[in-house]
Amino acid sequence: MAGSAHGHTPAAWTGVIISFIGFCIAGVFMVAANVPGFWAGVGVIVLGGVVGGAMKIAGLGMPKESQAVTEARESATAAAKARA
């Protein structure tokens, strides 16, 4: 996975950071027994996914691979396995 730079995009980082903040908010309010605050934190978690998705649509995410790239990767993997 590290070779494909999976998730190393502004969209992914932003979505994860916002979701993490929401997780922290929900956790604090869960311990404090504050139900509305907990659900506000869950709302922030969902917002992180929405923002990350919107940024991906706006072009800040990983571009989809073309069919040629996918086929080349599969043939290279098959050739490597045949040599081993």
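Visitor: Is Thr 9 buried or exposed?
Guide: The model is a predicted one. In it, Thr 9 has a relative accessible area of 8%. A residue under 20% counts as buried, so Thr 9 is buried.

Visitor: Where is Thr 9 found, and which backbone nitrogen does its side chain reach?
Guide: Thr 9 belongs to the segment before H1. Its side chain comes to 3.1 Å from a backbone nitrogen, and that nitrogen is the one of Ala 12.

Visitor: Which residues is Thr 9 in contact with, leaving aside its neighbours within four places in sequence?
Guide: Contact here asks for heavy atoms within 4.5 Å. With the neighbours within four places left aside, the contacts of Thr 9 are Leu 60, Gly 61 and Met 62.

Visitor: Which surface patch includes Ile 21, and what is its area?
Guide: Ile 21 lies in helix H1, which runs over residues 10-31. Its relative accessible area is 42%, so Ile 21 is partly exposed. Together with Trp 13, Ile 17, Phe 20 and Phe 23, Ile 21 makes a nonpolar surface patch of about 580 Å².

Visitor: Is Ala 32 buried or exposed?
Guide: Ala 32 sits in the loop between H1 and helix H2 (35-60). Its relative accessibility is 51%. The cut-off for exposed is over 50%, so Ala 32 is exposed.

Visitor: How many Å apart in space are Ala 32 and Lys 56?
Guide: In sequence, Ala 32 and Lys 56 are 24 residues apart. In space, taken from C-alpha to C-alpha, the distance between them is 35 Å.

Visitor: What span does H2 reach, and what span is expected?
Guide: H2 has 26 residues. At 1.5 Å a residue the expected span is 38 Å. From first C-alpha to last, H2 comes close to that, at 35 Å.

Visitor: Which residue at the start of H2 has its backbone nitrogen reached by Asn 34?
Guide: Asn 34 uses a side-chain oxygen for this, at the start of H2. The oxygen comes to within 3.0 Å of the backbone nitrogen of Gly 37.

Visitor: Which helix do the buried residues of H2 pack against?
Guide: The buried residues of H2 are Gly 37, Gly 41, Gly 48, Gly 52 and Met 55. One of them, Gly 48, has a relative accessible area of 1%. Leaving aside neighbours within four places in sequence, Gly 48 is in contact with Gly 15, Ile 18 and Ser 19. The helix that the buried residues of H2 pack against is H1.

Notes:
Residues numbered from 1 in each chain as written. Predicted model: local features only at pLDDT ≥ 70, side-chain atom pairs only at ≥ 80, totals over all residues. Heavy atoms only, no water. Patch = residues over 30% accessible without salt bridge, like charges linked within 9 Å, V, L, I, M, F, W, Y side chains within 5 Å. Areas by Shrake-Rupley, 256 points an atom, 1.4 Å probe, with all protein chains shown as cover. Salt bridge = Lys/Arg side-chain N within 4 Å of Asp/Glu carboxyl O. Helix = DSSP H or I, 4+ residues; strand = E, 2+ residues; numbered from the N terminus. Buried < 20%, exposed > 50% of the residue type's maximum accessible area, 1.4 Å probe, protein only. Expected span 1.5 Å × (residues − 1). Polar contact = N/O pair within 3.5 Å; in protein donor to acceptor, adjacent residues only side chain to side chain.
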